[in-house]
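This report looks at charged side chains and how they pair or cluster. Please keep the sequence and the model at hand while reading.

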Amino acid sequence: MNTSKPAQSMLAMIAIAVLATITGCNWPQQAPEADAELETRENGFVAGYPTDEKAQQLLDEFDYQAAVQAYIWATPMLNSLGLNEAMQRDVGMKPGELATAVHSKRQLPHQTVMTANNEVVYTWSQLINTAKTGPVVVEVPGGSLGFAVDFFQRPLEDFGSLGPDKGAGGKFLFLPVGYDGDVPEGYFPVRLKYSDHFWFIVRTFPNNPGMTLDKAVALGKEVKAYRLAGPGAGERGRAILIGDGPFDQDWPKDEEAFEWIARGINADRVQEGSLSLLGNLRRLGIEKGKPFQPDARARAILARAAKTGWDMVRAMAFNNRFDGARIYDDRQWEKIVHYTSPWFLTGNFEEVEERAAGWYQLVGNTSKVVPPSPGTGVFYSVTYKDAAGNMLDGSGTYRLTMPAEVPVTQFWQIPVYSNKTRSLINAEQKRPTRSSTDDLLVNDDGSIDVYFGPVAPEGREQNWIQTIPREGWFVLLRLYGPLEPILEKTWKPNDIEKVKNEK
(Lines give C-alpha, C1' and ligand atoms only; values in the text may rest on other atoms or scores of the structure.)
Protein backbone atom coordinates (compact mmCIF):
# COMPACT_ATOMS: atom_id res chain seq x y z
CA MET A 1 0.00 0.00 0.00
CA ASN A 2 1.31 3.41 -0.91
CA THR A 3 1.28 6.15 1.75
CA SER A 4 2.31 9.75 1.54
CA LYS A 5 5.32 11.06 3.52
CA PRO A 6 3.07 13.04 5.95
CA ALA A 7 1.13 9.86 6.66
CA GLN A 8 4.38 7.90 7.19
CA SER A 9 5.57 10.50 9.69
CA MET A 10 2.29 10.35 11.56
CA LEU A 11 2.47 6.54 11.81
CA ALA A 12 6.02 6.72 13.11
CA MET A 13 4.99 9.13 15.88
CA ILE A 14 2.06 6.91 16.87
CA ALA A 15 4.35 3.86 17.03
CA ILE A 16 6.84 5.70 19.27
CA ALA A 17 4.03 6.82 21.61
CA VAL A 18 2.66 3.27 21.85
CA LEU A 19 6.15 1.90 22.58
CA ALA A 20 6.74 4.48 25.29
CA THR A 21 3.39 3.61 26.90
CA ILE A 22 4.10 -0.13 26.82
CA THR A 23 7.64 0.17 28.26
CA GLY A 24 6.70 2.82 30.85
CA CYS A 25 9.32 5.24 29.51
CA ASN A 26 9.08 8.98 29.72
CA TRP A 27 10.11 10.62 26.49
CA PRO A 28 12.47 12.34 26.02
CA GLN A 29 14.91 11.26 28.77
CA GLN A 30 17.41 13.63 30.40
CA ALA A 31 21.08 13.04 29.89
CA PRO A 32 23.09 11.72 32.88
CA GLU A 33 24.64 15.14 33.28
CA ALA A 34 21.20 16.66 33.79
CA ASP A 35 20.41 14.03 36.48
CA ALA A 36 23.57 14.96 38.39
CA GLU A 37 22.72 18.64 38.19
CA LEU A 38 19.20 17.94 39.50
CA GLU A 39 20.55 15.79 42.38
CA THR A 40 23.03 18.51 43.35
CA ARG A 41 20.37 21.18 43.19
CA GLU A 42 17.80 19.23 45.23
CA ASN A 43 19.69 16.94 47.58
CA GLY A 44 23.21 18.30 47.98
CA PHE A 45 24.87 15.18 46.53
CA VAL A 46 26.98 14.74 43.38
CA ALA A 47 27.54 11.22 42.12
CA GLY A 48 26.56 9.97 45.56
CA TYR A 49 28.97 12.30 47.42
CA PRO A 50 27.71 15.11 49.67
CA THR A 51 28.95 18.57 48.91
CA ASP A 52 30.93 20.35 51.62
CA GLU A 53 27.90 22.45 52.47
CA LYS A 54 25.60 19.43 52.61
CA ALA A 55 28.02 17.42 54.77
CA GLN A 56 28.28 20.25 57.30
CA GLN A 57 24.49 20.59 57.39
CA LEU A 58 24.04 16.86 58.05
CA LEU A 59 26.73 16.69 60.73
CA ASP A 60 25.25 19.72 62.47
CA GLU A 61 21.92 17.91 62.44
CA PHE A 62 23.57 14.80 63.91
CA ASP A 63 25.03 16.89 66.75
CA TYR A 64 21.68 18.60 67.30
CA GLN A 65 19.83 15.29 67.57
CA ALA A 66 22.48 13.94 69.96
CA ALA A 67 22.11 17.03 72.16
CA VAL A 68 18.31 16.68 72.28
CA GLN A 69 18.62 13.06 73.41
CA ALA A 70 21.20 14.02 76.04
CA TYR A 71 18.93 16.77 77.38
CA ILE A 72 16.10 14.26 77.90
CA TRP A 73 18.43 11.57 79.29
CA ALA A 74 19.89 13.97 81.87
CA THR A 75 16.55 15.09 83.40
CA PRO A 76 16.96 13.31 86.78
CA MET A 77 20.59 14.45 87.05
CA LEU A 78 19.54 18.06 86.41
CA ASN A 79 16.89 17.58 89.08
CA SER A 80 19.56 16.48 91.61
CA LEU A 81 21.84 19.35 90.61
CA GLY A 82 18.95 21.78 91.09
CA LEU A 83 18.45 20.51 94.63
CA ASN A 84 22.18 20.81 95.32
CA GLU A 85 22.20 24.37 93.98
CA ALA A 86 19.34 25.32 96.32
CA MET A 87 21.20 23.84 99.29
CA GLN A 88 24.32 25.89 98.59
CA ARG A 89 22.87 29.10 97.12
CA ASP A 90 19.69 29.44 99.21
CA VAL A 91 20.40 27.50 102.41
CA GLY A 92 24.10 28.29 102.71
CA MET A 93 25.62 24.81 102.83
CA LYS A 94 29.29 24.63 101.95
CA PRO A 95 30.38 22.25 99.17
CA GLY A 96 30.92 18.82 100.67
CA GLU A 97 29.36 19.75 104.03
CA LEU A 98 27.44 16.90 105.67
CA ALA A 99 24.66 19.22 106.82
CA THR A 100 20.88 18.93 106.74
CA ALA A 101 18.23 21.51 105.87
CA VAL A 102 14.81 21.44 107.56
CA HIS A 103 11.68 23.01 106.06
CA SER A 104 10.76 24.36 109.48
CA LYS A 105 7.62 26.14 108.22
CA ARG A 106 6.80 23.33 105.85
CA GLN A 107 7.03 24.08 102.16
CA LEU A 108 5.70 27.56 101.33
CA PRO A 109 4.34 28.58 97.91
CA HIS A 110 7.32 30.83 97.07
CA GLN A 111 9.70 27.91 97.67
CA THR A 112 10.12 25.70 94.61
CA VAL A 113 10.17 21.95 95.29
CA MET A 114 8.84 19.46 92.75
CA THR A 115 5.25 18.42 93.73
CA ALA A 116 6.02 18.85 97.42
CA ASN A 117 3.49 18.09 100.14
CA ASN A 118 2.94 21.01 102.52
CA GLU A 119 1.39 18.70 105.15
CA VAL A 120 4.85 17.36 106.10
CA VAL A 121 8.23 18.68 107.24
CA TYR A 122 11.10 17.82 104.90
CA THR A 123 14.71 17.35 106.02
CA TRP A 124 17.22 17.16 103.16
CA SER A 125 20.90 16.71 102.49
CA GLN A 126 22.88 18.03 99.58
CA LEU A 127 24.72 15.70 97.19
CA ILE A 128 27.28 13.62 99.10
CA ASN A 129 30.30 12.39 97.12
CA THR A 130 31.35 9.08 98.68
CA ALA A 131 34.45 8.96 96.46
CA LYS A 132 35.72 11.80 98.67
CA THR A 133 34.07 11.11 102.02
CA GLY A 134 34.36 7.34 102.19
CA PRO A 135 31.54 5.54 104.03
CA VAL A 136 28.90 7.91 105.40
CA VAL A 137 26.45 7.25 108.25
CA VAL A 138 22.93 8.69 108.09
CA GLU A 139 20.98 8.51 111.35
CA VAL A 140 17.19 8.55 110.98
CA PRO A 141 14.81 8.85 113.96
CA GLY A 142 11.84 6.56 114.50
CA GLY A 143 8.45 7.87 113.42
CA SER A 144 9.76 9.29 110.15
CA LEU A 145 9.73 8.22 106.52
CA GLY A 146 12.24 8.84 103.77
CA PHE A 147 14.69 7.48 101.25
CA ALA A 148 18.10 7.96 99.67
CA VAL A 149 18.80 8.15 95.95
CA ASP A 150 21.86 8.45 93.73
CA PHE A 151 22.82 11.18 91.26
CA PHE A 152 20.25 9.95 88.70
CA GLN A 153 17.61 9.47 91.42
CA ARG A 154 17.78 5.71 91.32
CA PRO A 155 16.65 4.54 94.77
CA LEU A 156 19.23 3.23 97.20
CA GLU A 157 17.23 2.55 100.37
CA ASP A 158 14.04 3.50 102.17
CA PHE A 159 13.80 4.76 105.75
CA GLY A 160 10.82 4.04 107.98
CA SER A 161 8.04 1.51 107.62
CA LEU A 162 9.20 0.32 104.17
CA GLY A 163 12.86 0.29 105.17
CA PRO A 164 14.93 -2.28 107.05
CA ASP A 165 14.42 -0.30 110.28
CA LYS A 166 10.64 -1.04 110.06
CA GLY A 167 9.82 2.46 111.28
CA ALA A 168 12.02 2.34 114.40
CA GLY A 169 14.80 4.45 112.88
CA GLY A 170 18.45 3.53 112.86
CA LYS A 171 21.90 4.08 111.38
CA PHE A 172 22.28 3.62 107.63
CA LEU A 173 25.83 3.16 106.33
CA PHE A 174 26.34 4.32 102.73
CA LEU A 175 29.29 2.55 101.12
CA PRO A 176 31.13 3.81 98.01
CA VAL A 177 31.04 1.90 94.74
CA GLY A 178 33.29 -1.16 95.01
CA TYR A 179 33.83 -0.80 98.77
CA ASP A 180 35.43 -3.98 100.13
CA GLY A 181 36.24 -2.95 103.69
CA ASP A 182 34.69 -4.16 106.89
CA VAL A 183 31.08 -3.28 107.69
CA PRO A 184 30.68 -2.79 111.46
CA GLU A 185 27.70 -4.21 113.30
CA GLY A 186 24.76 -2.01 114.21
CA TYR A 187 24.33 -0.42 110.78
CA PHE A 188 22.06 -0.98 107.80
CA PRO A 189 24.57 -1.16 104.92
CA VAL A 190 23.65 0.57 101.66
CA ARG A 191 25.98 -0.05 98.72
CA LEU A 192 26.17 2.46 95.89
CA LYS A 193 26.35 0.72 92.52
CA TYR A 194 26.10 3.18 89.64
CA SER A 195 27.08 6.54 91.11
CA ASP A 196 29.52 8.05 93.60
CA HIS A 197 26.92 10.56 94.80
CA PHE A 198 23.79 10.21 96.89
CA TRP A 199 21.40 12.47 98.75
CA PHE A 200 18.55 11.78 101.15
CA ILE A 201 15.25 13.17 102.36
CA VAL A 202 13.33 12.45 105.56
CA ARG A 203 9.70 13.41 106.23
CA THR A 204 8.14 14.03 109.64
CA PHE A 205 4.43 14.55 110.20
CA PRO A 206 2.93 17.45 112.19
CA ASN A 207 -0.61 16.10 111.79
CA ASN A 208 0.06 12.67 113.30
CA PRO A 209 -1.47 11.96 116.71
CA GLY A 210 0.53 13.62 119.45
CA MET A 211 2.55 15.67 116.98
CA THR A 212 2.75 19.40 116.26
CA LEU A 213 4.74 21.44 113.78
CA ASP A 214 7.36 22.19 116.44
CA LYS A 215 7.67 18.50 117.34
CA ALA A 216 7.95 17.52 113.68
CA VAL A 217 10.72 20.09 113.17
CA ALA A 218 12.53 18.87 116.29
CA LEU A 219 12.33 15.31 114.97
CA GLY A 220 13.68 16.45 111.61
CA LYS A 221 16.63 18.08 113.37
CA GLU A 222 17.55 14.66 114.78
CA VAL A 223 18.47 13.47 111.28
CA LYS A 224 22.24 13.57 110.95
CA ALA A 225 25.02 12.54 108.59
CA TYR A 226 28.72 12.02 109.32
CA ARG A 227 31.78 10.12 108.14
CA LEU A 228 32.37 6.65 109.50
CA ALA A 229 36.15 7.11 109.61
CA GLY A 230 38.86 9.65 108.89
CA PRO A 231 38.76 13.41 109.54
CA GLY A 232 35.50 14.43 111.21
CA ALA A 233 34.41 10.86 111.90
CA GLY A 234 31.27 10.83 114.00
CA GLU A 235 30.85 14.63 113.86
CA ARG A 236 27.46 15.58 112.49
CA GLY A 237 27.02 18.63 110.32
CA ARG A 238 24.75 21.58 110.94
CA ALA A 239 20.95 21.34 110.98
CA ILE A 240 19.86 24.48 109.10
CA LEU A 241 16.29 25.77 109.39
CA ILE A 242 14.96 27.02 106.04
CA GLY A 243 11.96 28.82 107.54
CA ASP A 244 10.38 31.24 105.07
CA GLY A 245 13.66 31.90 103.25
CA PRO A 246 14.24 31.38 99.52
CA PHE A 247 14.50 27.85 98.18
CA ASP A 248 14.43 27.03 94.47
CA GLN A 249 15.16 23.47 93.40
CA ASP A 250 14.44 24.04 89.70
CA TRP A 251 17.12 23.90 87.01
CA PRO A 252 17.73 25.87 83.79
CA LYS A 253 15.78 24.82 80.71
CA ASP A 254 17.74 26.78 78.08
CA GLU A 255 21.28 26.12 76.80
CA GLU A 256 22.63 26.65 80.33
CA ALA A 257 21.26 23.17 81.05
CA PHE A 258 24.13 21.76 78.99
CA GLU A 259 26.66 23.55 81.18
CA TRP A 260 25.03 21.77 84.15
CA ILE A 261 25.07 18.46 82.26
CA ALA A 262 28.80 18.87 81.55
CA ARG A 263 29.38 19.63 85.24
CA GLY A 264 27.44 16.53 86.28
CA ILE A 265 29.29 14.27 83.82
CA ASN A 266 32.62 15.51 85.18
CA ALA A 267 31.53 15.18 88.82
CA ASP A 268 30.48 11.53 88.76
CA ARG A 269 31.47 8.22 87.22
CA VAL A 270 30.34 7.38 83.70
CA GLN A 271 26.76 6.15 83.86
CA GLU A 272 26.05 2.59 82.78
CA GLY A 273 24.84 2.40 79.20
CA SER A 274 25.70 6.03 78.39
CA LEU A 275 28.98 5.64 76.46
CA SER A 276 27.46 6.09 73.00
CA LEU A 277 25.48 9.11 74.15
CA LEU A 278 28.56 10.71 75.73
CA GLY A 279 30.60 9.96 72.62
CA ASN A 280 28.15 11.92 70.51
CA LEU A 281 28.51 15.00 72.73
CA ARG A 282 32.28 15.45 72.28
CA ARG A 283 32.03 17.86 69.37
CA LEU A 284 29.68 20.06 71.36
CA GLY A 285 32.21 20.67 74.12
CA ILE A 286 30.87 18.06 76.57
CA GLU A 287 33.46 15.43 77.40
CA LYS A 288 34.46 13.85 80.70
CA GLY A 289 37.71 15.22 82.02
CA LYS A 290 37.59 18.38 79.92
CA PRO A 291 36.18 21.85 80.67
CA PHE A 292 32.95 22.89 78.99
CA GLN A 293 34.13 25.21 76.22
CA PRO A 294 31.76 24.97 73.25
CA ASP A 295 32.54 27.08 70.18
CA ALA A 296 30.03 29.37 68.45
CA ARG A 297 28.72 26.53 66.23
CA ALA A 298 28.20 24.25 69.23
CA ARG A 299 26.50 26.98 71.28
CA ALA A 300 24.00 27.62 68.50
CA ILE A 301 23.22 23.90 68.27
CA LEU A 302 22.88 23.56 72.05
CA ALA A 303 20.49 26.50 72.23
CA ARG A 304 18.26 24.93 69.58
CA ALA A 305 18.51 21.48 71.18
CA ALA A 306 17.58 22.82 74.63
CA LYS A 307 14.37 24.32 73.27
CA THR A 308 13.38 21.08 71.52
CA GLY A 309 14.43 18.93 74.47
CA TRP A 310 12.42 20.98 76.95
CA ASP A 311 9.36 20.84 74.68
CA MET A 312 9.70 17.08 74.38
CA VAL A 313 10.08 16.56 78.13
CA ARG A 314 6.95 18.64 78.76
CA ALA A 315 5.05 16.52 76.23
CA MET A 316 6.23 13.36 78.00
CA ALA A 317 5.22 14.75 81.39
CA PHE A 318 1.87 16.35 80.65
CA ASN A 319 0.49 14.65 77.52
CA ASN A 320 2.18 11.28 77.52
CA ARG A 321 1.78 8.16 75.38
CA PHE A 322 2.38 5.49 78.02
CA ASP A 323 0.26 2.35 77.97
CA GLY A 324 -2.04 2.16 80.98
CA ALA A 325 -1.41 5.77 82.00
CA ARG A 326 -5.03 6.34 83.00
CA ILE A 327 -6.15 4.79 86.25
CA TYR A 328 -9.82 4.60 85.16
CA ASP A 329 -11.21 4.12 81.66
CA ASP A 330 -13.79 6.88 82.08
CA ARG A 331 -11.76 9.48 84.01
CA GLN A 332 -8.85 11.81 83.27
CA TRP A 333 -6.90 10.81 86.41
CA GLU A 334 -3.50 9.23 85.70
CA LYS A 335 -0.64 7.54 87.48
CA ILE A 336 2.12 9.91 88.58
CA VAL A 337 4.90 7.47 87.57
CA HIS A 338 4.99 5.17 84.57
CA TYR A 339 8.17 3.13 84.95
CA THR A 340 8.26 -0.64 85.35
CA SER A 341 11.42 -0.49 87.49
CA PRO A 342 12.33 2.21 90.04
CA TRP A 343 15.90 1.91 88.71
CA PHE A 344 14.56 2.68 85.19
CA LEU A 345 16.17 -0.50 83.82
CA THR A 346 14.37 -3.43 82.26
CA GLY A 347 15.95 -6.55 80.85
CA ASN A 348 16.01 -5.00 77.40
CA PHE A 349 16.19 -1.21 77.67
CA GLU A 350 16.50 1.87 79.87
CA GLU A 351 13.23 3.71 80.56
CA VAL A 352 14.50 7.13 79.47
CA GLU A 353 11.12 8.55 78.44
CA GLU A 354 9.34 7.33 81.57
CA ARG A 355 12.15 8.69 83.74
CA ALA A 356 12.13 12.11 82.09
CA ALA A 357 8.34 12.35 82.33
CA GLY A 358 8.33 11.54 86.04
CA TRP A 359 11.39 13.41 87.22
CA TYR A 360 10.50 16.60 85.41
CA GLN A 361 7.83 16.94 88.11
CA LEU A 362 8.99 14.73 91.02
CA VAL A 363 12.01 14.72 93.32
CA GLY A 364 13.41 11.60 94.98
CA ASN A 365 12.44 7.96 94.56
CA THR A 366 11.60 4.90 96.63
CA SER A 367 13.26 1.51 96.32
CA LYS A 368 10.14 -0.48 97.22
CA VAL A 369 7.07 0.01 95.08
CA VAL A 370 4.53 -1.45 97.50
CA PRO A 371 0.81 -0.82 96.91
CA PRO A 372 -0.72 0.42 100.15
CA SER A 373 -2.75 -2.15 102.06
CA PRO A 374 -6.28 -1.11 103.08
CA GLY A 375 -6.25 1.76 105.53
CA THR A 376 -2.53 2.51 105.22
CA GLY A 377 -0.28 4.57 102.98
CA VAL A 378 -1.35 7.00 100.28
CA PHE A 379 -3.11 6.54 96.95
CA TYR A 380 -1.89 9.07 94.36
CA SER A 381 -3.52 10.23 91.14
CA VAL A 382 -2.76 13.24 88.96
CA THR A 383 -4.72 15.14 86.33
CA TYR A 384 -3.72 17.84 83.88
CA LYS A 385 -7.07 17.90 82.08
CA ASP A 386 -10.70 18.75 82.76
CA ALA A 387 -13.60 16.38 82.19
CA ALA A 388 -13.75 17.37 78.51
CA GLY A 389 -10.10 16.46 77.99
CA ASN A 390 -8.87 20.05 77.77
CA MET A 391 -5.72 21.14 79.58
CA LEU A 392 -6.30 23.01 82.85
CA ASP A 393 -5.82 26.76 82.31
CA GLY A 394 -5.37 29.29 85.09
CA SER A 395 -7.64 31.76 83.31
CA GLY A 396 -10.74 29.57 83.71
CA THR A 397 -12.91 28.57 86.68
CA TYR A 398 -13.22 24.89 87.55
CA ARG A 399 -14.88 22.69 90.15
CA LEU A 400 -13.98 19.31 91.64
CA THR A 401 -16.76 17.65 93.61
CA MET A 402 -15.47 15.30 96.28
CA PRO A 403 -18.25 12.84 97.19
CA ALA A 404 -19.50 12.37 100.72
CA GLU A 405 -17.76 9.68 102.73
CA VAL A 406 -14.62 9.21 100.64
CA PRO A 407 -13.41 5.70 101.65
CA VAL A 408 -10.27 6.67 103.58
CA THR A 409 -9.27 6.16 107.20
CA GLN A 410 -7.51 9.51 107.38
CA PHE A 411 -8.18 12.38 104.95
CA TRP A 412 -7.98 13.56 101.36
CA GLN A 413 -5.82 16.41 100.09
CA ILE A 414 -6.01 18.49 96.90
CA PRO A 415 -2.79 20.43 96.19
CA VAL A 416 -2.48 22.59 93.06
CA TYR A 417 0.84 22.81 91.22
CA SER A 418 2.03 25.19 88.53
CA ASN A 419 2.99 23.41 85.31
CA LYS A 420 5.77 25.97 84.96
CA THR A 421 7.50 25.27 88.29
CA ARG A 422 5.90 21.84 89.05
CA SER A 423 5.75 23.21 92.58
CA LEU A 424 2.88 24.49 94.72
CA ILE A 425 1.19 27.31 92.85
CA ASN A 426 2.37 30.72 94.05
CA ALA A 427 -0.75 32.86 93.55
CA GLU A 428 -1.58 35.94 95.63
CA GLN A 429 -3.83 33.83 97.85
CA LYS A 430 -0.80 31.82 99.12
CA ARG A 431 -3.06 28.82 99.86
CA PRO A 432 -2.38 26.15 97.25
CA THR A 433 -4.03 23.23 99.06
CA ARG A 434 -7.48 22.26 100.31
CA SER A 435 -8.11 19.20 102.45
CA SER A 436 -10.95 17.36 104.16
CA THR A 437 -9.33 18.48 107.44
CA ASP A 438 -10.03 22.14 106.53
CA ASP A 439 -13.19 24.06 107.43
CA LEU A 440 -14.99 23.72 104.10
CA LEU A 441 -18.55 24.36 102.93
CA VAL A 442 -20.45 21.08 102.63
CA ASN A 443 -23.33 20.47 100.20
CA ASP A 444 -26.68 19.08 101.39
CA ASP A 445 -25.74 15.59 100.20
CA GLY A 446 -22.44 15.68 102.11
CA SER A 447 -20.26 16.27 99.05
CA ILE A 448 -17.74 19.12 98.93
CA ASP A 449 -17.08 21.36 95.92
CA VAL A 450 -13.51 22.63 95.60
CA TYR A 451 -13.10 25.54 93.19
CA PHE A 452 -10.09 26.63 91.13
CA GLY A 453 -9.76 29.92 89.28
CA PRO A 454 -8.25 33.41 89.32
CA VAL A 455 -11.26 34.79 91.24
CA ALA A 456 -13.33 33.01 93.91
CA PRO A 457 -16.96 32.19 93.10
CA GLU A 458 -19.18 34.34 95.29
CA GLY A 459 -19.74 32.77 98.70
CA ARG A 460 -17.29 29.92 98.02
CA GLU A 461 -14.05 31.59 99.09
CA GLN A 462 -13.16 29.03 101.75
CA ASN A 463 -13.44 26.18 99.21
CA TRP A 464 -11.36 28.01 96.59
CA ILE A 465 -7.74 27.68 95.40
CA GLN A 466 -6.51 30.60 93.33
CA THR A 467 -4.88 30.02 89.95
CA ILE A 468 -2.78 32.33 87.80
CA PRO A 469 -4.27 33.52 84.48
CA ARG A 470 -2.64 32.07 81.35
CA GLU A 471 -0.60 29.61 83.42
CA GLY A 472 -1.30 25.90 83.38
CA TRP A 473 -1.81 23.95 86.58
CA PHE A 474 -2.46 20.41 87.75
CA VAL A 475 -3.70 18.50 90.77
CA LEU A 476 -1.99 15.59 92.53
CA LEU A 477 -4.83 14.07 94.57
CA ARG A 478 -3.65 12.33 97.73
CA LEU A 479 -5.94 9.87 99.53
CA TYR A 480 -4.51 8.99 102.95
CA GLY A 481 -5.43 5.58 104.36
CA PRO A 482 -7.30 4.34 101.26
CA LEU A 483 -9.75 1.49 101.79
CA GLU A 484 -10.68 -1.39 99.46
CA PRO A 485 -13.04 0.57 97.16
CA ILE A 486 -10.18 2.93 96.23
CA LEU A 487 -7.56 0.20 95.90
CA GLU A 488 -9.92 -1.97 93.86
CA LYS A 489 -10.98 1.06 91.77
CA THR A 490 -14.67 0.59 92.42
CA TRP A 491 -14.63 4.10 93.91
CA LYS A 492 -13.44 6.85 91.58
CA PRO A 493 -12.87 10.57 92.05
CA ASN A 494 -14.88 12.86 89.82
CA ASP A 495 -13.16 14.72 87.02
CA ILE A 496 -12.49 18.45 87.31
CA GLU A 497 -15.22 20.36 85.46
CA LYS A 498 -15.02 23.80 83.89
CA VAL A 499 -17.80 26.10 85.11
CA LYS A 500 -19.15 29.43 83.88
CA ASN A 501 -20.03 32.43 86.04
CA GLU A 502 -21.30 30.33 88.94
CA LYS A 503 -22.70 32.39 91.82
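What is the relative accessible area of Glu287? In this predicted model, Glu287 has a relative accessible area of 28% and is therefore partly exposed.

## Salt bridges

Side chains of opposite charge can pair when their charged atoms come close. The structure holds 22 salt bridges. One of them joins Glu287 to Lys290, with 3.4 Å from N to O. Lys290 is also classed as partly exposed, at 46% relative accessibility.

Arg355 pairs with Glu350, and their closest N and O atoms are 2.7 Å apart. Arg355 is buried at 1% relative accessibility, whereas Glu350 is partly exposed at 25%. Buried here means under 20% relative accessible area.

A salt bridge of 3.0 Å, N to O, connects the side chains of Arg269 and Asp196. The two residues lie 73 residues apart and tie together distant parts of the chain. Arg269 sits in the loop between helix 7 and helix 8 (275-279), and Asp196 in the loop between strand 10 (188-191) and strand 11 (197-204). Arg269 is partly exposed at 34% relative accessibility, while Asp196 is buried at 10%.

## Network and surface patch

Salt bridges also link Glu85, Arg89, Asp90 and Arg263 in a network.

Elsewhere, a surface patch of negative charge is formed by Asp254, Glu255, Glu256 and Glu259. Of these, Asp254 belongs to the loop between strand 13 (239-241) and helix 7 (256-267). Its relative accessible area is 41%, so Asp254 counts as partly exposed.

Conventions:
Residues numbered from 1 in each chain as written. Predicted model: local features only at pLDDT ≥ 70, side-chain atom pairs only at ≥ 80, totals over all residues. Heavy atoms only, no water. Patch = residues over 30% accessible without salt bridge, like charges linked within 9 Å, V, L, I, M, F, W, Y side chains within 5 Å. Areas by Shrake-Rupley, 256 points an atom, 1.4 Å probe, with all protein chains shown as cover. Salt bridge = Lys/Arg side-chain N within 4 Å of Asp/Glu carboxyl O. Lys, Arg positive; Asp, Glu negative; His and termini not counted. Charge placed at Lys NZ, Arg CZ, Asp CG, Glu CD. Helix = DSSP H or I, 4+ residues; strand = E, 2+ residues; numbered from the N terminus. Buried < 20%, exposed > 50% of the residue type's maximum accessible area, 1.4 Å probe, protein only.
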